[in-house]
Amino acid sequence: MSSRTLRSTAETRPAGEVIPRPLAHPITSFAIPNVFAECVFSETDVPVVFGVPEEIEVVHPETEDKYHTCRVAVSIDEEHVGYIPLPKRYRATWLELSYNIVLYTQMWRLWGDEAATATRRSMKDKFVILRKNSGAVVAQHKLARLLAIEELLTLSLEASAPGEESVRILDEWRTRWCRDWLTSNYKQVVASGAMYLNADPIHPNNRAFFETGWCIPEASKSLCYPPADLTRWFNGEVAGLERMFDDSLKAEALNDLKSRNAFTDHQFHRNATLPARWHEGQKPLPHFWLVEQWVWVAEGNSMWEKPTDLLFHLLKVKPELTFLEFMRLLDFLFRNMHVLSSESQLHALATKFWMGETIWRRFVKDLLTIHIRGPIVPRKWETIDPANPFNTVEARLVVQGYLRRLEAAPAETEFEEEPTFWSNINQISPMKYNDGWKWIIEEVKKGKAVQEVLDIAGGWWLQREQERLASHAREVVNMGMDGNPDAPGTEREGGGPANNDNGEAVVDFRRHLIHNNGSKGEHDMHKEGNQDRSNNIRDTEGTADNDHEMDEQEHADSSAASAKAAVAEGSAEARQLNTGPSTDDQVMADVENHGNSALPQPSADPHAGLTASTGQADSASAQNALTESARSQHNPVAQTSDKWATLTRHPFLADIAKQFTSFLNHQDLDKFEAGVRASLPHTRRGSVDEFMLCMEVWLKGNTQEPPLTDAWNFFDRELAELAAQAREAAVEAQGQLL
């Protein structure tokens, strides 16, 4: 409104008055632009509704202390979409600003109704002037709230901690509203109003100070502040305002127009225009905190220090996250950070990730090393459940991306030949699980939710493996019952009758092949293990005669049990049938018996402490040399040389270890990454990404402590993968043998 009913004069502070509490950050300029145009709403505006600020407990991201702050719920089309963080001390000011928007919007509509129904042209013109003035005030308050929202959304929660609360826009708005400066610029008021610019407008003890010189009738002064009962105005209309308008407000405003005082037609200017964006319902909408975002930040996390952690958290807890939500959060984060790239480049990278054309860890690495170069790349994103290795966030994103590509452009090739999917999935999942991924894609193509399928994929895989092993066991039984030369009642090639236990027949058959095809040295290496199995076989021979007294079904059950035992116990021998003891056997033993190890410390000599054996030299001599070298350098490998010697059995790992030692000296990450990728088998190159991320973090940390733990984590993963492949090869070899 533009009458003295709700306006004040900027008088000086009376002499002798108590000095007000100062503002922590005095106002040295105005950030809220003046608005002199009448508000105009569009049909394309989004109906954004704010809830009553609620008090809630949060954790300080630095001190980890708990304290209380406020949040404002945001709804669009009656759907809760997120929150606005609000420091507790600004709760009353937020409500005052919202109340003024409700009050002046209602007055604007009342004056509009008067103008529409007026019959005399002179009265209609007066009502139009009063409507335009009220509409300009609505736009002014709306713009102030939009700017306050934008500031609040960018604040970290530590800005809401007691003693640190500061919202620049709300400080300015309340100062200018109390002193009737919404139509003035900073230069016009700084000379006479400096005392108010330096005082805290939020502190309750300063209320009387800021009301100094108000020229408002007491009957109308009650309209200046929101009623304590929120139900009287929070629903969009001030209770009783229409009656007060008819009784007194309309007459007072018309009387002010006659006197033509300083407030007459002041807020509205004839040629003024509205800002391009002046209220929260205009697009682009403010980036309101998502519900999941609020929960993550309230737990003590900082989105400015760990922006990608926030993105990953949202992708993890909200599988149904939309591309619009993802991009809005991405824009919000990087609009308030120092970004080296253009918005189009960021959007291109994000779109490529969203469509499954690149995996999460590569997306993050490019984002933080090329486009931002600020926050450190996290070392690890999630822990894989051994019982369900398919159910990871990164894997879900790859599957969802494949489905999005398929929807955008139906593939002409079969899924098994889809290069992008398999390239990405094999970077995060061993190739042995490829059949599992085929099943997963088949299920989601039937319309099932991706996350639901991933949740049960582990159980499906376990059942499949159990059925496969059971099938092998049945084949063994069938071979014995359908004329196998080692079956009961036949003669063995080595002479003498075969034992009635089919399991023994299988074991002896394998030994026979080993004896004839394997070298003497290979046979001696496993002599002790075979002797243990011989003891078990002799134990079964004592009960073989009893098999003749069983009926046919019992005999089959016994044979099946022995066959399963042979499958489980003979896997090591099965791997040796054609090649003798393999490196895979040794990997399995190393991983299962030793676990993690520690790498040697860096040396000026790039080959010191990480000399790799090719397998041609005497292993004992090589191990002793390693041990002595390590002891001379006070190296932890001196106590774990047997663990370190594990790598020397695999030339490509030994070569990578030498490159790692050189990298600790030259610290050229690109050179090291190229060398590692060249040394590692093609099927395992996907594991290099995480290793290189860790090395990049180490370089950025400027620490003298070598990243031995990260290196051994990489080597242990490679050894574990070799062990898993060895087990798979053993089962396949056994199936071919049987």
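Of the 738 residues in the protein chain, 50% are buried, where buried means under 20% relative accessible area with a 1.4 Å probe and protein chains only. This is a predicted model, in which local features need pLDDT of at least 70 and side-chain atom pairs count only at pLDDT 80 or more, while totals for chains, interfaces and linings use all residues. Residues are numbered from 1 along each chain as its sequence is written, and side-chain values use heavy atoms, with hydrogens and water left out.

**Overall make-up**

- The protein chain has 28 helices and four strands, taken as DSSP runs (H or I, at least four residues, for helices; E, at least two, for strands) and numbered from the N terminus.
- Among contacts between residues at least 6 apart in sequence, 72% join residues at least 24 apart, a contact being heavy atoms within 4.5 Å.

- Strand β2 (residues 54-59) pairs with strand β3 (residues 66-76) in the antiparallel sense over six bridges, pairing being assigned if DSSP finds at least two bridges between two strands.
- Glu55 has Cys70 in β3 as its bridge partner.
- Six residues lie between β2 and β3 in this hairpin, and Glu64 in the turn has a positive phi of about 65°.

**Helix packing**

- Helix α25 (residues 651-666) packs against helix α26 (residues 669-679) at an angle of about 175° with their axes 10 Å apart, the axes being lines fitted to C-alpha atoms over the stretch in contact and the angles running from 0 to 180 degrees between N-to-C directions.
- That angle makes α25 roughly antiparallel to α26, since angles over 145 degrees count as roughly antiparallel.
- The α25 side of the contact includes Phe652, Ile656 and Phe663, and the α26 side includes Leu669, Phe672 and Val676.
- Helix α9 (residues 307-317) and helix α13 (residues 393-408) also have their axes 10 Å apart, but pack at an angle of about 70°, which makes α9 roughly perpendicular to α13, a class that covers 65 to 115 degrees.
- In this second pair, Phe312, Leu315 and Lys316 of α9 meet Val393, Arg396 and Leu397 of α13.

**Helix α27**

- The 14 residues of helix α27 (residues 688-701) should span 20 Å at 1.5 Å a residue, and the end C-alpha atoms are 20 Å apart, which agrees; the expected span is 1.5 Å times one less than the number of residues.
- Helix α27 is mostly covered, with ten of its 14 residues buried, among them Phe691, Met692, Glu696 and Trp698.
- Asn702, which follows α27, has a positive phi near 50°.

How values were computed
Parallel < 35°, antiparallel > 145°, perpendicular 65-115°, else oblique.
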